[in-house]
Amino acid sequence: MSRSTLRRLVTGLATATALSLTASGCVTVHGELEVVPAATESEAARALKDFTAAYNKADKAYDPALDAGRVTGALGAINQAGLKARQTQSPDGNPRHDPLELTDAKFAIPKKAGWPRWFVADTDSNRDKDTGRLDTRWMLVFVRGGADQLWEVSHLSVLTPNEVPTFKKDADGWAEPVAPDAPSLVVPPKDLSVRYASYMQDGKPENFAPGPHTSAVRQAREKSARQLGRTVQYRDQPLDTGMFAPLGLVTADGGATVFFATRQFEQQTVAQGVRLDLNADVRALMTGTARTKLTKERVSSQVAQVPPKDAADGSAGAGKGAPQVTVLARIQGLTAAQGS
């Protein structure tokens with residue numbers, strides 16, 4: 001799926017309330033100690049329906065207020081900015097609006113104590129082909145910070161059917177949340193954002209398997225940095241607290257599928273007479289005047305398959321022979337720009 005198509009898929013969303021999340025969700029609030037399912041199947045289905053309706057209203061009008069209560073976290077940050085940019089460019093709304101449909105929903109709902117609560121929806125969208133290499137599944141992470149709050153989507157990942165993980169479930173069909181510091185995993189969920197940002201910056205630590213969302217991105221950056229009259233520099237930062245904290249479910253193989261976020265800065269500096277890369281989205285979100293320097297800020301949402309330490313040779317930690325994290329999908333979007 002092309003980068004432009006992915007950007008279109010997630011354009012019509014807006015950010016909402018900041019939630020304090022942990023990967024396991026093991027937070028005790030107001031003495032709620034009982035371990036219970038995060039939602040019923042019917043509640044999950046209703047949350048998906050409400051999200052889709054809000055998405056379509058916001059996408060049609062290019063109005064972030066119309067789905068402000070249905071998105072949060074990395075996805076919300078990406079799409080709040082995207083919607084704002086589109087509204088600036090097309091104040092009368094989206095002339096090419098095509099209503100989103102999410103069907104064939106399968107839910108992975110963990111049992112946990114306290115708030116926040118969350119679950120994963122594996123769905124089929126009308127944005128793909130249902131056969132062949134263009135067949136995809138949309139995985140959405142729904143989060144709720146309290147009994148008086150709405151279900152909001154914090155992550156969206158577009159995967160092929162073969163990439164969709166098999167979650168571990170108990171006899172009653174409930175999924176199992178993974179602990180933030182899970183000692184059995186090659187990288188604990190709480191460390192994924194920090195390590196991924198470090199890897200994207202300088203290639204270390206070597207926890208991540210080569211692929212389109214790891215080594216290929218680094219190679220593309222190295223190529224873009226070598227341009228006549230233009231210097232391009234990148235800086236990556238972890239984004240892992242509050243509403244951006246990682247969320248994960250244990251998989252049937254003893255590993256985990258973890259959704260996490262990072263932040264990226266791209267700075268372009270040009271020589272006199274060389275034009276900066278200023279497209280319509282950048283202009284809509286930019287502050288300052290871009291003469292010789294432009295800094296773009298992006299938020300990135302990843303989903304990764306994290307193996308247990310003993311998946312290969314039983315070694316702990318990163319390095320040769322140790323199992324590696326596979327980043328299955330990544331969606332990133334421009335959230336701000338500064339010219340000078």
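**Figure 1. The largest cavity of the predicted model.** This cavity has a volume of about 40 Å³. The structure holds 1 cavity of 30 Å³ or more.

**Figure 2. Residues lining the largest cavity.** The lining consists of Tyr-196, Met-200, Arg-221, Asp-236, Thr-262, Gln-264, Ser-300, Gln-302, Arg-330 and Gln-332. Helix α4 (189-202) and the strands β9 (256-270), β11 (293-306) and β12 (326-339) are the elements that give two or more residues to this lining. Sorted by class, the lining has 5 polar, 3 charged and 2 nonpolar residues.

**Figure 3. The largest nonpolar core.** This core has 31 residues, of which Phe-51, Phe-119, Leu-140 and Phe-142 touch the most other members. At least two residues each come from the helices α2 (41-61) and α3 (73-89) and from the strands β2 (102-108), β4 (117-125), β5 (137-144) and β6 (152-159). Helix α2 supplies the largest share, 5 residues. In soluble globular proteins, nonpolar side chains tend to be buried together.

**Figure 4. Contacts of Leu-140.** Leaving out residues up to four places away in sequence, Leu-140 touches Leu-48, Phe-51, Leu-102, Phe-119, Val-120, Ala-121, Thr-123, Val-153, His-155 and Leu-156.

Definitions and conventions
Residues numbered from 1 in each chain as written. Predicted model: local features only at pLDDT ≥ 70, side-chain atom pairs only at ≥ 80, totals over all residues. Heavy atoms only, no water. 1 Å grid on protein atoms, 1.4 Å probe; cavity = no way out; pocket = protein on both sides within 12 Å on 5 of 7 lines; lining within 4 Å. Points joined across faces, edges and corners; volume = space filled by probe spheres on them. Helix = DSSP H or I, 4+ residues; strand = E, 2+ residues; numbered from the N terminus. Nonpolar A, V, L, I, M, F, W, Y, C, P; charged D, E, K, R; others polar. Core = buried A, V, L, I, M, F, W, Y, C linked by side-chain atoms within 4.5 Å. Buried < 20%, exposed > 50% of the residue type's maximum accessible area, 1.4 Å probe, protein only. Contact = heavy atoms within 4.5 Å.
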